[in-house]
Amino acid sequence: MRLTNNLTEYGFISKIFHWLSAAVLLIQIPLGFYLVDLDFSEKRLNFESIHVILGLSLFYLTVLRLAYKLINPTPLLRNNIFPGQKLIAKLNHIFLYISVLTITISGALKKLFNGEILDVFFFDLEIKDSFELAELFYNIHIFGNYTLITLISLHILAIIVHKIIFKENLLKRIL
Ligand code: HEM
Ligand code: HEM
């Protein structure tokens, strides 16, 4: 298997970025929904720390992934099966990146505007609290999550439709 991408194939590094991000999200989304239902306790604090550490790790992973995309070609999408198909696929990918970044940044801002000190791994962050802004960023965090769930569902649905209707196995490109 090649290490880097070329115009027809994903390399190992892109595949690792893709599946590591997918695995973190698979844990992180249910963990977030589980977290909100927990009463204040030691257990809740522990789950919240795991949620924050996973979320911040995914933020850095996504920034690295995007930086890597700048220095490495993205494999071209196949020919259009229907008009606008490539554009839809591109938009799906772009909005997946945007929602992951929005969710991670809004999660961090929610905690910061709550008056908490946030350890972002390399340094501690602290800003002046504002409960209105904390509420706003929390709503963005929730909205971002529903958007992301929709985009991931469409992303997976597209792969299934390609396989069943267009007899094209996209999955093997990223495995
Ligand atoms: C892509 C990464 C992330 C995902 C998928 C995610 C997902 C979620 C979900 C689904 C919820 C429940 C929302 C609700 O229905 O009320 C939640 C809550 C929360 N998230 Fe995240 N989150 C991520 C990253 C972060 C980060 C980076 C932070 C902080 C640095 C964070 C802090 C929180 C907090 C504080 C809550 C609310 C807990 C509460 O007050 O009850 N999240 N998250
Ligand atoms: C079971 C889950 C998933 C499957 C089966 C899957 C499958 C695929 C496949 C087959 C491709 C290659 C498409 C092509 O270029 O022909 C791809 C690309 C991509 N996937 Fe997924 N994926 C999954 C989960 C996710 C998740 C959770 C995200 C969210 C971040 C994601 C983000 C992306 C992005 C951004 C690309 C384009 C890669 C690039 O940046 O060039 N995928 N996925």
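**Briefing: helix packing and ligand shells in a predicted model**

The axes of helix H1 and helix H2 (residues 42-71) come within 9 Å and cross at roughly 150° (axes are lines fitted to C-alpha atoms, for helices over the stretch in contact, and angles run from 0 to 180 degrees between N-to-C directions). That angle makes H1 roughly antiparallel to H2 (under 35 degrees counts as roughly parallel, over 145 as roughly antiparallel, 65 to 115 as roughly perpendicular and the rest as oblique). The structure is a predicted model, in which local features need pLDDT of at least 70 and side-chain atom pairs count only at pLDDT 80 or more, while totals for chains, interfaces and linings use all residues. Residues are numbered from 1 along each chain as its sequence is written, and chains are lettered from A and ligands numbered from 1 in the order in which they are written.

**Overall architecture**

- The chain contains five helices and two strands (helices, H or I with at least four residues, and strands, E with at least two, are DSSP runs numbered from the N terminus).
- Read from the N terminus, the order of elements is α-α-α-β-β-α-α.
- Along the principal axes, the C-alpha atoms of the chain fill a box of roughly 50 × 30 × 25 Å.
- Of the chain's 175 residues, 13% count as buried (buried means 20 or more other C-beta atoms within 10 Å of the residue's own, exposed 12 or fewer, and partly exposed in between, with C-beta atoms placed from the backbone).
- Among contacts between residues at least 6 apart in sequence, 62% join residues at least 24 apart (a contact requires C-beta atoms, placed from the backbone, to lie within 7 Å).

**Helix pairs**

- H1 passes H2 in a left-handed crossing (left-handed if the near helix is turned anticlockwise from the far one by less than a right angle, right-handed if clockwise).
- The contact of H1 with H2 comprises 13 nonpolar, seven polar and three charged residues (Ala, Val, Leu, Ile, Met, Phe, Trp, Tyr, Cys and Pro count as nonpolar, Asp, Glu, Lys and Arg as charged, and the others, Gly among them, as polar).
- The axes of H2 and H3 come within 9 Å and cross at roughly 140°, which makes H2 oblique to H3.
- The crossing of H2 and H3 is left-handed; residues that meet there include Gly55, Phe59 and Thr62 in H2, and Tyr97, Thr104 and Gly107 in H3.
- By class, the H2 contact with H3 has seven nonpolar, four polar and no charged residues.
- The axes of H3 and H4 come within 8 Å and cross at roughly 155°, and these helices are therefore roughly antiparallel to each other.
- H3 passes H4 in a left-handed crossing, and their contact holds 16 nonpolar, ten polar and one charged residue.

**Ligand shells**

- Ligand 1 has 22 residues around it, of which Gly32, Val36, Gly55, Gly107 and Ala108 come nearest (a residue is near a molecule if its C-beta atom, placed from the backbone, lies within 6 Å of it).
- H1, H2, H3 and H4 each supply at least two residues of the ligand 1 shell, which divides into twelve nonpolar, eight polar and two charged residues.
- Ligand 2 is surrounded by 20 residues, the closest being Ala22, Thr74, His93, Leu170 and Ile174.
- Two or more residues of the ligand 2 shell come from each of helix H1 (12-36), helix H3 (85-113), helix H4 (131-164) and helix H5 (171-174).
- The ligand 2 shell divides into 13 nonpolar, five polar and two charged residues.

- Ile152 is found in helix H4 and counts as partly exposed, because it has 17 C-beta neighbours inside 10 Å.
- Ile152 and Leu96 are 56 residues apart in sequence and 7.5 Å apart in space, C-alpha to C-alpha.

Methods:
Two residues are in contact if their C-beta atoms, placed from the backbone, lie within 7 Å.
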